[in-house]
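Subject: Structure handover

Hello,

Please find the structure below, followed by notes on what was found in it.

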Amino acid sequence: MPRFLVRIFLCALVASGLRAQQTEVVLTATSSAKLVLAMPAPKTSGLDAALVATEYSAVLQRDLDESGVIAVLQERLPAEGAAVKAWKEAGAQWLLSAKLTRAANGELQLEASALDTAAEKGVFNRTYHANKIVPLRYLAHYLADDLVGRLTGEKGVASSRIVFVRQTSPGVKELFQVDRDGAGLIQLTRYGSLTLSPSVASDGRLAYVTYKGGAPEIWGQRKKDGPHEKLYPVSGAGGMLTSPVWSPDGKRLAFVQGDRRGNSDIMVLDLGSLRARRLTDSNGINTEPSWNPNGNQIAFTSDREGGPQVFLMQDDGSNLRRLTSEGLYNASPAWSPNGAMIAYVSRFEGKFDLFVYKLGEGRAYQITTGVSTSESPAWSPDERRMVFTSNRFGSSQLFTTDLSGRQILRLSELAGCQSPRWIRGH
Amino acid sequence: MRYGTYLVPAAIVITLGSLACKPPKTAEQIKQETQAAFNEGVQAFQDGKARTANPYLNDKENPHKMQGWNDGWDKAAADKAAADRAAADKAVADRAAADRAAADKAAAAEEAARKAAEADKAAAFKKAADAALVNIHFDYDKAEIKEKDRAILQGVAEFMKAFPAAKVEIEGHCDERGTNEYNLALGNRRAAAALAYLKTLGVDDARFTTISFGKEKPLCAEAKEGCWSLNRRGEFKLK
C-alpha cells in the first residue's frame, strides 16, 4: 500500500513536470490521492482551550498533513455540532471526534473515534492514557500515527525523532536529537570536539565518530541504553575513520577506514567477535556505506572510476556493480527502509540535489530542484519522506520532503546542522 | 731367647703406648692458644656479644685457656679507638657533604646555562617551524600537489632535516561542496599526497601522522570561490 501511494506521488510529480516552486512550507491538502479528514475542535475537560489549540489541534493537523496520506479539511467547515451529512457535503470522508480530559492527578486521557461519512459507521476508536510527564503533543502524535496506520496498514511516523550533528562553536560539533516536528531538542554528546556521522540502530543504540582524543575514533553503545564506549579501533591507532552504520540487525557495524596512502575502504566490524573485515580493495575512495534492509547488501560511494559514484555490493564485498550513471558527482546513498529505493545526492551546475533511484524501474527521479544545495538524505521509517540538510536560508538547516519534492518543510530553525538520521520513537 | 721373653712384650707395650698418648703441648702452643682465646673474648666484647660465663671454665683439657677470659682488656684504649673511628667517619661525611654542595652548585649553573640554551633552541625551532610549516592548497575534488606548493613542501622537508626530533601532523581539509563523508576521505587523500611528496624528499614518513578534517573545520565560511580555495588545504602542525 505505501509503495502504491508513493507511485501515485511520483506520477503526480511527472505530470506536473518540474515547475514546482519551492517555498518554505507548501501544505497541499487537495491531492485526490489523500483521504480527507475533518477534525472539529475536541471536547475538553480540565484543559486550557488555548493550550489544546496549540499543543493538540495544531500538532495533529501538522502530523496528518505531513503523513502524506491524509488531508485535513480546512475550508467550508460546517458549524459546530453539525450532522455527519453536513461534513460529508463539505468534502470530509472521515470525521474525527475527540475528547481530551485532564484528571486531578495530572493524567491525560484522549478518547478518539473516526466515522466514515459515506457509510456513517465507525472506522477508528481508541483511548489513550498518559501520565503527567508525557506532553500533550505526544498524544496528538500517537493518534496521528494510529490514524495513518488504520488507513495504510503501516503506523505513521509522527512520534519519531531525528538524530543529527550540530556545530556548537567553531571546530566543535555535537550530536543532538529533535522530535520529528521540531520540538523537544536534546543534546546527546558533550565532548567539546568534532563528533560526526551518527548512526542509530533499530533499538536506539548510537554509533558515531568523535575526534575527542585527537585522532578520530568510533564510539557508541554496545547495549541498549548502555554507556557510550569506544567501539573501534579495538586497540592502537585506526587512521582515518568515518561513517559508522549499524546493520539492520544491529550486530554489525559498517564503517570506513582510510590508510596513509590516501585510500579509504568500507569495513564491517562484527560486534560479537570484534573482528573487522575489509570489503573494498584499497583502490581509491570508498565511503558512505548504507545497508539494505536485509543486511546482505551495501550501497556506497566510490571514485574508482573517476569522480564519486554510487556502487552496490554484497556484504562480503562480492558482486560489485555501479548504480548511478548520469552526472559527475553522485554520493551519499541511503537505502530505503523497504529496500526498493536508494536516495542519493547529485551535483548539477555546482549545486547538490536529492535524487531517488528506484531499483525496480532502474532509473532515478530528481526530488529537489533548488537554487541551493541539498545534502545528506535519510529516509523516514515509513519511507514516505526524507530528512535532509539545505542551505536555502543561509546556514545548513534540517528539512523534510515528500517524494514528489513539492512538500518541503523546514524541520527546525537551528543553524549549522548536518548528517540527520530519522528513527521511530521519542 | 731368654731375654726375648721380656724384651719383645716390652717393645710392644712401649710402641703401642707411645702411639696411644698425645704428645705434651709445647710452651709455644700453649701461648698461642691462650692468645687466641683472649682475642676471641675481646672481639666478642667489642661486638657487643660479650659472654657472661667463661666457656673454658669446664674445659678440663685446656686449663690454660681460662687465662683468655677478658684478660688484658684496656677500656681506655677501646674508648679511644671508638672515638677515633667516629671522628674519622665524621670527617669523611663532612668532606662528602662539601663535595656534594659544590657539585650541586655546579649542576645548577650548568642547568641554567642549558635552559638558556634550550630556550634559544626552542625559539629558533619555533621560528623555523613558523617559517616552514605553511599551508598548501588543492584544486576542487583533487589531491595532487600543485607546482607552486613544491617550494613549501621542500621547506617542510628541510625543517624536518634540521630538527631531527620534530614530529608533524599533516591535516587534510576540503571546501564545503560535496558530502561530509566523501570530503573526509578526500582530506585523507590530500594529507597522504603531502606525505608521499615529503617521503620523496627524503624525510622518514614515520615522523608524520596524517588526519583528515574533511569540510568540518573551514577557515572561511562564505560560499564563494575565494573562500573555497582557501579551505581546500593541507596544514602542518607540530605534534
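Two strands are said to pair if DSSP finds at least two bridges between them. Helices (H or I, at least four residues) and strands (E, at least two) are themselves DSSP runs, numbered from the N terminus. This is a predicted model, in which local features need pLDDT of at least 70 and side-chain atom pairs count only at pLDDT 80 or more, while totals for chains, interfaces and linings use all residues. Residues are numbered from 1 along each chain as its sequence is written, and chains are lettered from A and ligands numbered from 1 in the order in which they are written.

Chain A overall

Chain A has 4 helices and 30 strands. Its C-alpha atoms fill a box of roughly 75 × 50 × 40 Å along the principal axes. The radius of gyration, taken over C-alpha atoms, can be set against a globule rule of 2.2 Å times the number of residues to the power 0.38. For the 426 residues of chain A, a compact globule would come out near 22 Å, and the 23 Å of the chain agrees with that.

A residue counts as buried if 20 or more other C-beta atoms lie within 10 Å of its own, as exposed if 12 or fewer do, and as partly exposed in between, with C-beta atoms placed from the backbone. By that count, 47% of the 426 residues in chain A are buried. Two residues are in contact if their C-beta atoms, placed from the backbone, lie within 7 Å. Of the contacts in chain A between residues at least 6 apart in sequence, 44% join residues at least 24 apart.

Domain bounds come from an automatic or database domain assignment. For chain A that assignment gives domain 1 (21-152) and domain 2 (160-424). The centres of these two domains, taken over C-alpha atoms, are 34 Å apart.

Strand 10 and strand 11 of chain A run antiparallel and are joined by 4 bridges. They form a hairpin with 5 residues between them, and A:Gly204 in the turn has a positive phi of about 95°. A:Val200 has A:Leu206 in strand 11 as its bridge partner, and A:Leu196 stands opposite A:Val209 in strand 11.

Strand 11 is also joined to strand 12 (residues 215-221) of chain A, by 5 bridges and again antiparallel. This second hairpin has 1 residue between its strands, and A:Gly214 in the turn has a positive phi of about 100°. Here A:Tyr208 has A:Trp219 in strand 12 as its bridge partner.

How many residues of strand 10 of chain A are buried? The count is 6 of the 6, so strand 10 is largely enclosed by the rest of the structure. In strand 11 (residues 206-213) of chain A, 6 of the 8 residues are buried, so that strand is largely enclosed too.

A sheet in chain A

Chain A has an open sheet of 4 strands in the order 18-19-20-21, with antiparallel pairing. Strand 18 and strand 21 (321-322) are the edge strands, each pairing on one side only. Strand 19 (residues 297-302) and strand 20 (residues 309-314) of chain A are joined by 6 bridges. A:Thr301 has A:Val310 in strand 20 as its bridge partner.

Chain B

The domain assignment of chain B gives domain 1 (4-73), domain 2 (75-128) and domain 3 (133-238). The centres of domain 1 and domain 2 of chain B, taken over C-alpha atoms, are separated by 57 Å.

The expected span of a helix is 1.5 Å times one less than its number of residues. Helix 5 (residues 180-200) of chain B, with 21 residues, should therefore span 30 Å, and its end C-alpha atoms are 31 Å apart, which agrees. Of these 21 residues, 18 are buried, so helix 5 is largely enclosed by the rest of the structure. Just after helix 5, B:Gly202 takes a positive phi of about 90°.

B:Ala122 is found in helix 3 (residues 75-132) of chain B. Is B:Ala122 buried or exposed? B:Ala122 is exposed, with 11 other C-beta atoms within 10 Å.

Where the chains meet

The contact takes 29 residues from chain A and 20 residues from chain B. Several strands of chain A give two or more residues to the side that touches chain B, including strand 10 (195-200) and strand 30 (417-424). Strand 14 of chain A gives the most to that side, with 3 residues.

Regards
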